[in-house]
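Hello,

Here is the structure I promised to pass on to you. Please have a look at it, and then read on for what turned up.

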Amino acid sequence: MKTYLVTGAAGFIGANYIKYLLKNYPDVKIVVLDLLTYAGNLGTIAKDIDNDRCTFHRGNIGDRALVDSLFAEYKFDVVVNFAAESHVDRSIENPQLFLETNILGTQNLLDSARKAWVTGKDEQGYPTWREGVRYHQVSTDEVYGSLGDEGYFTEDTPLCPHSPYSASKTSADLFVMAYHDTFHMPVTITRCSNNYGPYHFPEKLIPLIIKNILEGKKLPVYGDGSNVRDWLYVEDHCKAIEMVVRNGRVGQVYNVGGHNEKKNIEIVRLTISTIHRLMTETPEYRKVLKKKELGADGQLSIDWINDSLITYVKDRLGHDQRYAIDPTKIKEELGWYPETTFEVGIVKTIEWYLNNQAWVEEVTSGDYQHYYERMYTGR
Ligand code: NAD
Ligand code: DAU
C-alpha cells in the first residue's frame, strides 16, 4: 500500500485523478489537500472522501506548518501536485496570487517533502532518499509559449511562457528540476495540453459555452476564434500521470497530448450543433434549458440553438495562438495512448453537463456571476 498526497483534488483534473486512482489502483491510499478556492468544490469528491482509502484536509499548499504536519502524520510515499491557480484570464487580472500559489506553494511542498524523505548523505554530499518516494508536478504545455502554423512542442522545446499563469507554472517546473539537480530529489513532471471532461469549472471554454447555450446567452469567442488548442479527455491525462508516477524516469519531463488540434471557433460550433442534436434525439434533455421558449408543437423550442449565439469579443491580452503536443516520449517509453477520441469525448462531456446541472449550480453559486459579468460583458 502506498500513501499519496494529492493536492488540488477538489478541482477539475485532481478530482478526476483521485476517482481514477480509487477505481483502478487498490494499492493506493489518498490524502487530499485543497484550499477550496472558487475552483475547488468539496461536493465533487464527497463520495470519494467518504471512504477509508481517502481523507480530506482543507488548507494551503503554502502553509509550511500544515504540510509538515501532514507529512509527519501520514508518511507519504508520493506527492502529486495539482493545486494551482489555473485560469489564464484571472492571472492577467491578479498575477500576485499565481506567484504565491503556483511558485511559492510548489517550493513549499518540495521543501516539506525533502525534510520528510531525506535519509542521509552520499559520499559526494548529496542527500539520500527514502526508497520508493516520488514527487510529481502536474504542469502544462503553456510553459513552451506559442506555436505558428507548423510544428509541435517536444520536451526539448525551450521554455517561453507569455502569461502570468504560464510564467508561474514555468517557475514551478524550474524549482522542481532544481531540487532534482541540486538534491537528487526523485521528481517527475508531466506537461499536458487542454483537458476537457466532467467537473470542468464553467469559466473555461467548453463548460462555459455549454452553460451559456443552456441559458440562451451569447457565446464569447476571443479575437477571431482562430486560436488553436490541443484537446485531451481528462481521464487520458489521469492515466498518463499515474503511468509517469509509477514508471517514469526520475528527473524527466513527459509531454501529454492526443494530437487533437481544434480552432476555438470549431469547438464552439461543434458544441452548439451537438447540444442541438442531443436535444432533438432526446427531447427529455430540453428540461435543463433555462431559456424556455415554446415551439409551434407546444414543446420547448431549440430553434434558437444555432451559430447566431456566437459573439466575437475583445481578445485575451497576449493570447497564445497555437498549442500542439508531441507525445512521442510518453508513448514510446511508457506505452501511453489516449483512449477517448474527441468525437466520443465531447459527446460524453456534453451529456455529463446535461445530466449534472445541480453540480453546475453548486459551483457557480459563489462570486461566479460577478466574475462572469466583469470578464465577458465588462471587457
Ligand atoms: P482547477 O482550477 O480546476 O483546480 C485547482 C484546485 O487547486 C482547486 O480545487 C483549488 O481549490 C485548489 N487550490 C488552489 N490554490 C490552492 C492552494 N494554495 N492550496 C491548496 N489548494 C489550492 O485546476 P485544473 O484545471 O484541475 O488544473 C489542475 C492542474 O493541472 C494545475 O496545476 C494546472 O496548471 C494543470 N493543468 C491544467 C490543464 C487544464 O486543461 N485544465 C492542462 C494542463 C495542466
Ligand atoms: O494548455 C493547457 C492549459 O489549458 C492549462 O494549463 C490551463 O490551466 C487551462 O485553463 C487551459 O488554458 P486555456 O487558456 O487554453 O483555456 P481556456 O478554456 O481559458 O481557453 C481556451 C481557449 O478559448 C483560449 O484560446 C481562449 C479561448 N476562450 C476562452 C474562454 C473562457 C474564448 O474564446 N472564450 C472564452 O469565453
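In which strand is Thr-3 found? Thr-3 belongs to strand 1, which covers residues 2–7. Before going further, please keep in mind that this is a predicted model.

Thr-3 counts as buried, because its relative accessibility is 15% and the limit for buried is under 20%. Leaving out residues up to four places away in sequence, Thr-3 touches Lys-29, Val-31, Tyr-74, Phe-76, Asp-77 and Val-78. Two of those names, Tyr-74 and Phe-76, come back in the next part.

**Aromatic rings**

A pair of aromatic rings is described by how far apart the centres are and by the angle between the planes. How many aromatic pairs are there here? The count comes to 18. One of them joins Phe-71 and Phe-76: the ring centres are 5.0 Å apart and the planes stand at 85°, so this pair is edge-to-face. Phe-71 is buried at 5% relative accessibility, and Phe-76 is buried as well, at 0%.

Tyr-196 and Tyr-233 make another edge-to-face pair, with 5.5 Å from centre to centre and 70° between the planes. This pair links distant parts of the chain, since Tyr-196 sits in strand 9 (residues 195–196) and Tyr-233 in strand 12 (residues 232–233), 37 residues apart. Tyr-196 is buried, with 1% relative accessibility, and Tyr-233 is buried with 7%.

There is also an aromatic cluster, formed by Phe-71, Tyr-74, Phe-76 and Trp-117. Phe-76 and Tyr-74 of this cluster are among the residues that Thr-3 touches.

**Two helix pairs**

Let me turn to the helices. Helix 1 (residues 12–24) and helix 8 (residues 234–247) have axes that come within 9 Å and cross at roughly 65°. That angle makes helix 1 roughly perpendicular to helix 8, and their crossing is right-handed. On the helix 1 side the contact is made by Phe-12, Ile-13, Asn-16, Tyr-17, Tyr-20 and Leu-21. They meet Val-234, Glu-235, His-237, Cys-238, Lys-239, Ile-241, Glu-242 and Val-245 of helix 8. Sorted by class, this contact holds 9 nonpolar, 2 polar and 3 charged residues.

Helix 7 (residues 205–215) packs with helix 9 (residues 264–281) at an angle of about 45°, and their axes are 10 Å apart. Helix 7 is therefore oblique to helix 9. The crossing of helix 7 and helix 9 is right-handed. Helix 7 brings Leu-205, Ile-206, Ile-209, Ile-210, Ile-213 and Leu-214 to the contact. From helix 9 come Asn-264, Ile-267, Val-268, Thr-271, Ile-272, Ile-275 and Met-279. By class, there are 11 nonpolar and 2 polar residues where helix 7 and helix 9 meet, and no charged ones.

**Two histidines with positive phi**

Which phi value does His-184 have? His-184 has a positive phi of about 60°, although it is not a glycine. His-184 is in the loop between helix 6 (164–183) and strand 8 (187–192), and it counts as partly exposed because its relative accessibility is 36%.

His-259 also carries a positive phi, near 50°, in a residue other than glycine. The loop that holds His-259 runs between strand 13 (252–256) and strand 14 (261–263). With a relative accessible area of 45%, His-259 is partly exposed.

**Far-apart residues**

Arg-114 lies in helix 5 (residues 95–117) and is partly exposed, with a relative accessible area of 26%. Not counting residues up to four places away in sequence, Arg-114 touches Trp-129, Tyr-179, Phe-183 and Met-185. Arg-114 and Ser-273 are 159 residues apart along the chain, and their C-alpha atoms are separated by 51 Å.

Is Glu-131 buried or exposed? Glu-131 is exposed, with a relative accessible area of 74%. Glu-131 has its place in the loop between strand 6 (127–129) and strand 7 (134–140). From Glu-131 to Glu-266 the separation is 135 residues in sequence and 48 Å in space, C-alpha to C-alpha.

Enjoy exploring it!

Best wishes

Technical notes: Residues numbered from 1 in each chain as written. Chains lettered and ligands numbered in written order. Predicted model: local features only at pLDDT ≥ 70, side-chain atom pairs only at ≥ 80, totals over all residues. Heavy atoms only, no water. Axes fitted to C-alpha atoms, helices over the stretch in contact; angles between N-to-C directions. Helix = DSSP H or I, 4+ residues; strand = E, 2+ residues; numbered from the N terminus. Parallel < 35°, antiparallel > 145°, perpendicular 65-115°, else oblique. Left-handed = near helix turned anticlockwise from the far one by under 90°. Contact = heavy atoms within 4.5 Å. Nonpolar A, V, L, I, M, F, W, Y, C, P; charged D, E, K, R; others polar. Buried < 20%, exposed > 50% of the residue type's maximum accessible area, 1.4 Å probe, protein only. Phe/Tyr/Trp six-rings, centres within 6.5 Å; stacked < 30°, edge-to-face > 60°.
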